[in-house]
Amino acid sequence: MAETQCGEDPEPSEPGPAGPLFVPVRPGPAGCVARLFRTPVGGRTAVAFTTPQRLSAALGDRQAWIRLSEPALRTLTEPLGVREVTVDPRLAAHPVGAPRRRLTPAWRTWDPRAVGALTA
């Protein structure tokens, strides 16, 4: 069934997630604070999940969380300039628990003598 538009509302209502969301948090100076993430294009976003299983799959079993409604999460993050909320994201990070590959800095693998930058 489609959402109907209110007579005075110029925009149709956007459906949102029903019920409280599971929001990842981290310790802060006054208690827990919501974790903020970056979108693929670099913008800041608040992240929430519809089930604790989805949160654990994306961020690991040890990730702390609280339950908030979407409007409450938006109210918390708007003063920080974060206006976007991403629900059930598929994070493009290293899988939780997988060993992270240590990258060798480029300056360690580059030999300036090989390209004639230094002469002996």
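Helices (H or I, at least four residues) and strands (E, at least two) are taken here as DSSP runs, numbered from the N terminus. The structure is a predicted model, in which local features need pLDDT of at least 70 and side-chain atom pairs count only at pLDDT 80 or more, while totals for chains, interfaces and linings use all residues. Residues are numbered from 1 along each chain as its sequence is written, and side-chain values use heavy atoms, with hydrogens and water left out.

The protein chain holds three helices and six strands, and from the N terminus on its elements follow the order β-β-β-β-α-β-α-β-α. Of its 120 residues, 20% are buried; buried means under 20% relative accessible area, exposed over 50%, and partly exposed in between, with a 1.4 Å probe and protein chains only. Contacts (heavy atoms within 4.5 Å) also reach along the sequence: among those between residues at least 6 apart, 64% join residues at least 24 apart.

We can begin with the sheet that contains β1. Strands of a sheet pair through backbone hydrogen bonds, either parallel or antiparallel. Two strands are counted as paired if DSSP finds at least two bridges between them. On this basis, three strands form an open sheet in the order β2-β1-β5, with antiparallel pairing. Its edge strands, each pairing on one side only, are β2 (31-34) and β5 (65-68). From one strand to the next, the twist averages 50°; axes are lines fitted to C-alpha atoms, for helices over the stretch in contact, and angles run from 0 to 180 degrees between N-to-C directions.

Strand β1 (residues 21-28) is joined to β5 by four bridges, and the two run antiparallel. Within this pairing, V23 stands opposite I66 of β5. Helix α1 (residues 52-59) packs on the sheet and touches β1 and β5, its direction making about 50° with that of β1. Helix α2 (residues 70-77) packs on the sheet as well, touching β1, β2 and β5, and its direction makes about 115° with that of β5. Towards β2, β1 is again held by four bridges in an antiparallel arrangement, with C32 of β2 as the bridge partner of P27. A hairpin of two residues connects β1 to β2.

The other sheet to look at is built from β3, β4 and β6. Here an open sheet of three strands has the order β3-β4-β6, and the pairing is mixed. The edge strands are β3 (36-38) and β6 (85-87), each of which pairs on one side only. The twist from one strand to the next averages 50°. Strand β4 (residues 44-48) runs parallel to β6, with three bridges between them. T86 in β6 is the bridge partner of V47. Helix α2 packs on this sheet too, touching β3, β4 and β6, and its direction makes about 150° with that of β4.

On its other pairing, β4 is joined to β3 by three bridges, and these strands run antiparallel; T45 of β4 is the bridge partner of F37. The two strands form a hairpin with five residues between them, and G42 in the turn has a positive phi of about 100°. A46 stands opposite V85 in β6. Strand β4 is mostly covered, as four of its five residues are buried.

T77 is a residue of helix α2. Its relative accessibility is 2%, so T77 counts as buried. Leaving aside residues up to four places away in sequence, T77 touches L36, A46 and V82.

T77 also belongs to the lining of the second largest pocket, together with residues including V25, C32, I66 and L76. A pocket is an open set of points, on a 1 Å grid over the protein atoms alone, where a 1.4 Å probe fits, with protein on both sides within 12 Å along at least five of seven lines; lining residues have an atom within 4 Å of a point. About 170 Å³ of space lies in this pocket, where grid points are joined across faces, edges and corners and the volume is the space filled by probe spheres set on the points. β1, β2, β5 and α2 each supply at least two lining residues, and the largest share, three residues, comes from β2.

Finally, D88 lies in the loop between β6 and α3 (106-109). Its phi is near 50°, a positive value in a residue other than glycine. With a relative accessible area of 21%, D88 is partly exposed.
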